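Q: Could you take me through how aromatic pairs and packed helices are read in a model like this one?

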Amino acid sequence: MSSNTDIVPDSERRGLIGALPPRLRPFASLMRLDRPIGTWLLYWPCAWSVALAGVDGRWDLLLWLAPGAFAMRSAGCVYNDIVDRDLDRQVERTRLRPLASGRVSLPSAWVLVAGLCAIGLLVLLQLNFTAALVALASIAPVLAYPFMKRITWWPQAWLGLVFGWGALVGWPAVTGSLDWPVLLLWLGSVAWVVGYDTLYAIQDIEDDALVGVKSSARRLGDRAAAGVAVFYAMALMLWGAAVWLVRPDWVALLALLPAALHLANQALRADPKDGEGALALFRSNRLCGLFVFLAMLVVGLSSR
């Protein structure tokens, strides 16, 4: 009989990870190298914030924040697997993850986290003092996140604090200060994350119940689609308020219309009993992020 260390998941036999040398594949899997959606979702609030601030010649920030989002998302995935390695062994979908299966040792995983954080530090050095300080303040909620699903039915809200944090970094990186528009942008990002991560959690409802892990999808049950709609509506209202403070013009709010239609389509199609469909809707938020970025860019540039 084969042990878990002898079994390699299909995700490491194909695509980008499958093209790597066998010794590197488990580490790439730890970083979710084959699932770039997480990097996009972490990056977009950063880009929105820079765009709404009017860029002010700092187009380079849009480039620097991309590898920063990649490194921090990857480090977060590795850290999450470190914390959850015992839980992952109990769930069919996650039992072959590199740490849970023993294909990567715990010390090696921590070394990987350190290396990814070094990349994050390089990006941090491109920011002004205020933005760097705000970015560093995210460490505490990031470290706490993996434990939230053990103590609250709304770990998605805590994830929102973390994944929306970039909105608090981009604006001061351009302006040098934190102002009301960026706070509203951040709160809108938090609501957006709760909505899309509730969709993501639908696929895990049965496994989460089996091991006693809590989630908004489990808490909402058959009302999950309605819950997603409410949080998306909150996100749009808060983003609209941020836009209004930068440019108090009803026409400016129309820039959010493509994102609003996209989110409405997600909410209408969400089905708490269709995990595969919910996952596809979750992934479509990469496009929603682009729509919001274009809206914030138009508003930010036109207000200068």
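**Helix packing and aromatic pairs**

A: In this predicted model, helix H8 passes helix H9 in a left-handed crossing.

Q: What describes two packed helices in general?
A: Two values are used: the angle between the axes and the distance between them.

Q: At roughly what angle do the axes of H8 and H9 cross, and within what distance do they come?
A: The axes of H8 (residues 139-151) and H9 (residues 155-163) cross at roughly 165 degrees and come within 9 Å. An angle over 145 degrees counts as roughly antiparallel, so H8 is roughly antiparallel to H9.

Q: Which residues meet between H8 and H9?
A: From H8 they are Pro 141, Val 142, Ala 144, Tyr 145, Met 148 and Lys 149; from H9, Pro 155, Trp 158, Leu 159 and Val 162. Lys 149 also lies over the face of Tyr 145, at 5.9 Å from the ring centre.

Q: How do the axes of H7 and H10 run relative to each other?
A: The axes of H7 (residues 129-136) and H10 (residues 166-175) come within 7 Å and cross at roughly 170 degrees. These two helices are therefore roughly antiparallel to each other. Thr 130, Ala 131, Val 134 and Ala 135 of H7 make the contact with Leu 168, Val 169, Pro 172 and Ala 173 of H10.

Q: Now the rings. What describes a pair of aromatic rings?
A: The distance of the centres and the angle of the planes describe such a pair.

Q: How many aromatic pairs does a search of the whole structure find?
A: The search finds 14 aromatic pairs. One of them is Trp 192 with Tyr 196: the centres are 4.9 Å apart and the planes are at 85 degrees, so the pair is edge-to-face.

Q: Where do Trp 192 and Tyr 196 sit in helix H11, and how many residues apart are they?
A: They are 4 residues apart in H11 (residues 180-202), which means a separation of about one helical turn. Trp 192 is buried, at 0% relative accessible area, and Tyr 196 is buried too, at 1%.

Q: What sort of pair do Trp 244 and Trp 250 form?
A: Their ring centres are 4.8 Å apart with the planes at 55 degrees, so this pair is tilted. Trp 244 is partly exposed, at 30% relative accessibility, while Trp 250 is exposed, with a relative accessible area of 65%.

Q: Which residues form one aromatic cluster with Trp 192 and Tyr 196?
A: The cluster also holds Trp 48, Tyr 200, Trp 239 and Phe 282.

Technical notes: Residues numbered from 1 in each chain as written. Predicted model: local features only at pLDDT ≥ 70, side-chain atom pairs only at ≥ 80, totals over all residues. Heavy atoms only, no water. Phe/Tyr/Trp six-rings, centres within 6.5 Å; stacked < 30°, edge-to-face > 60°. Buried < 20%, exposed > 50% of the residue type's maximum accessible area, 1.4 Å probe, protein only. Lys NZ or Arg CZ within 6 Å of the ring centre and 35° of its normal. Axes fitted to C-alpha atoms, helices over the stretch in contact; angles between N-to-C directions. Parallel < 35°, antiparallel > 145°, perpendicular 65-115°, else oblique. Left-handed = near helix turned anticlockwise from the far one by under 90°. Contact = heavy atoms within 4.5 Å.
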